[in-house]
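I opened a new page for this structure.

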Amino acid sequence: MGAGQALKKTPLYDVHKEYGARIIDFGGWLLPVQYDSIMEEHRAVRQQAGLFDVSHMGEIRIVGEEAESFVNYLITNDVTKLTDGKIAYTVMCYHDGGTIDDFLVYRIDQETYWLVVNAANIEKDFTWIQRQAEDYNVKVVNESEDFAQLALQGPRAEAILKRLTDYDLSLIRPFEFAMDVPIGQVAALISRTGYTGEDGFEIYCDSSDVEGLWRRIMEAGQEDGLMPAGLGARDTLRFEAGLCLYGHELGPDINPLEARLGFVVKLDKDDFIGKDSLVKVKAEGLSKRLVGLKVLGRGVARQGYPILNAEDQEVGYVTSGTLSPTLKQSMGLGFVPPALAKPGTQLQILVRQRKLNAEVVKTPFYKREG
Amino acid sequence: MYPEDLLYTEDHEWIRVEDGVATVGITDFAQNELGDIVFVELPEEDEDFSQGDAMGVVESVKAVSDIYMPLTGTIAAINEEILDAPELVNSDPYGDGWLIKIKIADELELDALMNAEEYESTLE
């Protein structure tokens, strides 16, 4: 974010203030990092429910006769497998296989797709997509300003939302969505998706409707212990659930196979941007691989800290790390050579000149039951 | 809201002086700004430091913050309890959440520290 550019606010900025939020600059957006305590907000989402304002996320609509083949060319996952009302997680790569962004693709119909992209990447994605669209009969529309988004996450999410709508929410299965669902006076698009490792919904509505919707949901969730939750808890929750965060586990110098997202890279589908490079990477082997780390020594692994092998040689780097609120254990994610990626491998993390022992462990660190 | 019997630094530390020994902790303002504290790194006993030296680290879920020596001196004791229960720094910053005790080398340095009223005025 260059100097002189005004920081952006979501339509809920004043509401966050009212709830006592601590506001931070997150990639040019003024957003709540926490209301009271990250630990408590985290716990609320794992045990009851939390409500997040994620209106900063971007929405890009792709419409036209060739929408399906265009989106399929743009991304690594295969949208031809989607039917109306279904969602796919995907990454979008450069020709060299580096990652531009990771996002959800909503199939509204065969000629209309909706991409929900990371806030910090909206302009970059939109420019890239527009440029690729020149040879296709499609229209690319940046709708990010028009929509607000709330994420209601946690085991009580459905019970809470049920009180506000006659729509049978059980019909919306994971990675599915419904449009024009009436919640009070508001018509919203609701998907059963999230970034926390819990059941829950992401709710999209007109920016002008979101304040009323926020208040109604908070009120309806009071008896279930619903808490407003900020970016801090959003990060610790996705971290435990082993979900990548762009700028940490993903970036232009990281391909999706390295980030262990091979399940969204469909090398057997028709041509797509980055395919040749990723086929080559797969044939030649990865140079680095994302692993989970359990920090055995006393300390916290943070992004950028070096990872050393048992012989004290630097072999990789930490991408994310914190004390896992659920496990009460210092954990990390980071890149190491594939030969050191096996669970049980003993490594070290360099924390302010101190070497902490760490062990490669499976991800996710947390998986909900059922 | 800030205890009257303590001295304060601009780095949001408090100091209680008894018999040439200063007990040091972080203020309620500091613990609140940091949020949930998950890890504390403290110096070793008998280490010598000058005023202003970074002597330890307090980490919250999101952030890493250095803690500075408010006075020149020798570490007389560290609070071992907070190494295993860093949340004490949040819940009881002026009591069980203390960090270190310093054997003061130069009592004159105390004169430059703030009283509660002065400290509170820096927070406005």
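**Ground rules.** I noted that this is a predicted model, where local features need pLDDT of at least 70, side-chain atom pairs count only at pLDDT 80 or more, and totals for chains, interfaces and linings use all residues. Residues are numbered from 1 along each chain as its sequence is written, chains are lettered from A and ligands numbered from 1 in the order in which they are written, and side-chain values use heavy atoms, with hydrogens and water left out.

**Domains of chain A.** I looked up the division of chain A: domain 1 (8-56 + 146-240), domain 2 (58-138) and domain 3 (288-370). Such bounds come from an automatic or database domain assignment. The centres of domain 2 and domain 3 of chain A, taken over C-alpha atoms, are 33 Å apart.

**A sheet in chain A.** I found an open sheet of 3 strands in chain A, in the order 1-3-2 with mixed pairing. Strand 1 (8-9) and strand 2 (22-26) of chain A are the edge strands, each pairing on one side only. Strands here are DSSP runs (E, at least two residues), helices are runs of H or I (at least four), and both are numbered from the N terminus. Two strands pair if DSSP finds at least two bridges between them. Strand 2 and strand 3 (residues 29-34) of chain A pair in the antiparallel sense over 5 bridges. In this chain A:Phe26 stands opposite A:Trp29 of strand 3.

**A sheet in chain B.** I then looked at chain B, where an open sheet of 3 strands has the order 4-6-7 and antiparallel pairing. Strand 4 (37-41) and strand 7 (64-68) of chain B have a single partner strand each, so one side of each is left without a neighbour in the sheet. Strand 4 and strand 6 (residues 54-60) of chain B pair over 4 bridges. B:Ile37 stands opposite B:Ser60 in strand 6 of chain B.

**One residue.** Is A:Ile203 buried or exposed? I read a relative accessible area of 0% for A:Ile203, so this residue is buried (under 20%; exposed is over 50%, partly exposed in between, with a 1.4 Å probe and protein chains only). A:Ile203 is found in strand 13 (residues 200-206) of chain A. The C-alpha atoms of A:Ile203 and A:Ala301 are separated by 34 Å, and the two residues are 98 residues apart along the chain.
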